[in-house]
Amino acid sequence: MPNTTPKRRIRGSVVALLFMPSYLTHSGGAWAFYWPGVKPKYYVDGEEVQLQVNKLTSTKSFLPKDYYSLPFCAPPNNRNGKRRRRRKRRRAYHENIGELLQGDRIQSSPYRLYFRRDMFCEQLCLVDLGAARNGGGHNGQGQHQPGGQHNNKLTTAIQRQYHNNWIVDNMNAAGISHRDEDGSNNTLSVNYSNGFPIGFVDDNRAYIHNHVNIQMEYQRIESSASDNVYYDLVGFRVEPLSIRHELEWTKSSEQRVNHGDAGGGVGPPVANILNPIPSCNLSLSSGRAHHTKLDQTTATGRAPQEASGIVLFTYDVIWVENQNPDLKWANRWEPYLLANKLSPSFRYFSIQRKLITMIVLSAMLAAAFLTKALRRDTENQGTAIDTDNIDDDEEEEDDQSRPSTSTMKGTWWRCTPRWEMIQGNVFRPPSTAPTMLAVLAGTGAQLLCTASSVVFFASLGFMSPARRGHFYMAQLLLFALYGFVAGYVSARFYATLKGGEHWHKCTIITALFFPGIAFAAFCIFQIAAIMDESSYAVPFASVFSLLCTWLGLAVPLVFFGALAGKCRGAMVPATETAEATTKVPRQPWFLRFPVLTALISGLVQYYGLSLEMHVMLDALWTGKYFFIFGYLLMILCFQVVLTAEITILLHICHLCHEDYRWWWRSFVHGGGSAFWVMLLSVTYFRSLESDDMGFLVLYCGYMGMLCFSIFLATGFVGMYTSFWFNKFMFASPAHLPHDGHGEEQEHVRLVALPST
């Protein structure tokens, strides 16, 4: 793709977002779909392999930073500061919206790799890291050097355990570690999640990894159509080391220090090493045949490089041919995904918990319906009496002998049980904020459809770690498209509750309510990210593009959906609503407080979701891969069924005590799990042990929006299933006795459920 000016790119992005929603699938300047495992990149001997750098991530701060916000080696001819670097980065790689939202900032690097060409201790650049505290820097000989006039950012970053995230051939670097968290050497381990650390802390001193062994794993591709031999990459690992060099200064070296320019390992050395290790000794041709190893850096007389003063950065490149026949280009991401894979015992135990909960709730529902059928068929409580053949005197006697509502705790009246007493009020609209209830129902339906579709398409393989940012883009695109569902559902519920005369008001609130809250929270997050100099800060052009997507795509679809819902009309209730309301009797103590019943309902739902929530929070905040979406899709289906069952059970309990005020209560019962998820987020934050105020703002905001989304989605499930349960129970023809010709007679229907 040819280079374009920033202004043209902004105008093109806005036009594409307004008129072509497929802009959200634009990644790296390519419009066609890219399926990982289908279109590999082939290399030949000596071909240059581009190494890119991404954001710096931390396991303490959790706020990613731009790679060049710290004093690392920059690409050649990049000497005009941060603004120049950003222009260079934009020309090198075009991030999509999803990558920007997750903090990715992929940029070019000064490292030069050539296919199947090993490199030994190549000198990259000299960088003045500044002093560990206020004051000047020093060189490897302990001599004071000018330039350390500011506080050392790198020392703070090392103490916060920031990690490098490098990319080669769209594959993340796996970090090879020799150290425990306390800094002591240990056995070799490979970390596939968070790259490799920029340094380590030992005895309250920060040391930088100024040398890396870049290990590239490749495999040979036999081609019968050509005589050339092609290769592809299947592995990328980085082993960081810390080596303190004593340097001999020259005039050219001082110039390289002042500008931080890197030669990429091509050309003459940037400095003379007075105490070189064997792999860095230019005078030993035999030593140069061996790559840098850990024992060379920890030998007698050697010391790690402190994160201060002027530091020489070096690197080795090691090419290894793949010896594993099961590892191919198509499945080269499997080591990354399997590193955080849930064990089979964990999944079986989780599924067993959900199945047991579903079986218990289903048994309780079946028992309720079975008891209703048995009591209906009994002689004293199951007979229906023809009201046309009852004399007025008999009716007066029955009225006198009828027990009062307060005394009907465990008894059933033989002709008119409790459910029949409230059949004229069970579909009465709520007196409190019916418009807002319709808005929340439409938004909940939109969020539920978005989550289900994203997980479904991810389980089919449409999203993978190789498609960077596409998971976030899919959420944005589907949420905007399902604005039609939000408008349709809210319009129909509004027509059911208020008649639909002012449906425009409900539609406007639906289009602006949840997206407006999310956008306002997003702006607050941006301010916190900018103040903390985090790469979470999205460029203004991308924020404007998101705003145009909302106003130009989502809002019109909400209105189209509302128009379709208005044309469809209200959801017809099973019974007509009486003019006079019936007084609700005093409820038992455990049904008297809606908050208590909501917590009980949420606890049952959360019991089947708690294990997965821990795993998903780890994937969200610690950078671990979570791509078992087939399992997650099954868990989502279980969760919807559990929410529906527990809401119906509590709904039956209230109906048995003649409480017909179910609209808001069923919504709150369905969304009760959000409280327990919020409680989990609080305890999880304490386990992170982060004292960063910026991260606290981001964490509270994102988790608050997540809990609110769960409340809306599960609340819609609870209210919608309660509506259809009432419609079935109060309108089923099976409750009416028939004559010999199969025609329904006007009888009083019996719905005899046991009182709770």
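I started with F457. At 34% relative accessibility, F457 counts as partly exposed. My cut-offs: buried is under 20% relative accessible area, exposed is over 50%, and partly exposed lies in between (1.4 Å probe, protein chains only). The model is predicted, so I noted its limits: local features need pLDDT of at least 70, side-chain atom pairs count only at pLDDT 80 or more, and totals for chains, interfaces and linings use all residues. Residues are numbered from 1 along each chain as its sequence is written, and side-chain values use heavy atoms, with hydrogens and water left out.

**Helix α11**

Where is F457 placed? I found F457 in helix α11. Helices here are DSSP runs (H or I, at least four residues) and strands are too (E, at least two), numbered from the N terminus. Helix α11 covers residues 434-459, 26 residues in total. At 1.5 Å a residue α11 should span 38 Å, and its end C-alpha atoms are 37 Å apart, which agrees. The expected span is 1.5 Å times one less than the number of residues. I then checked the cover: 19 of the 26 residues of α11 are buried, so the helix is largely enclosed by the rest of the structure. Just after α11, G461 takes a positive phi of about 95°.

**Helix α18**

I looked up α18 next. It runs over residues 629-656 and has 28 residues. From first C-alpha to last it reaches 41 Å, close to the 40 Å expected at 1.5 Å a residue. Of its 28 residues, 21 are buried, and α18 is mostly covered.

**Disulfides**

How many disulfides does a search of the whole structure find? I got 2. The cut-off is a pair of cysteine sulfur atoms within 2.5 Å.

One joins C73 to C125, S to S 1.7 Å. C73 lies in the loop between β2 (57-58) and α2 (82-92) and C125 in strand β4 (residues 119-128), so the pair ties together parts 52 residues apart in sequence. The link is left-handed, with -75° about the S-S bond. C73 is buried at 4% relative accessibility, and C125 is buried at 0%.

Another joins C121 to C280, S to S 1.8 Å. C121 lies in strand β4 and C280 in the loop between β18 (272-273) and α6 (294-297), so this pair ties together parts 159 residues apart in sequence. The S-S torsion is about 80°, so this disulfide is right-handed.

Numbering the bonded cysteines in sequence order, I read the pairing as 1-3, 2-4.
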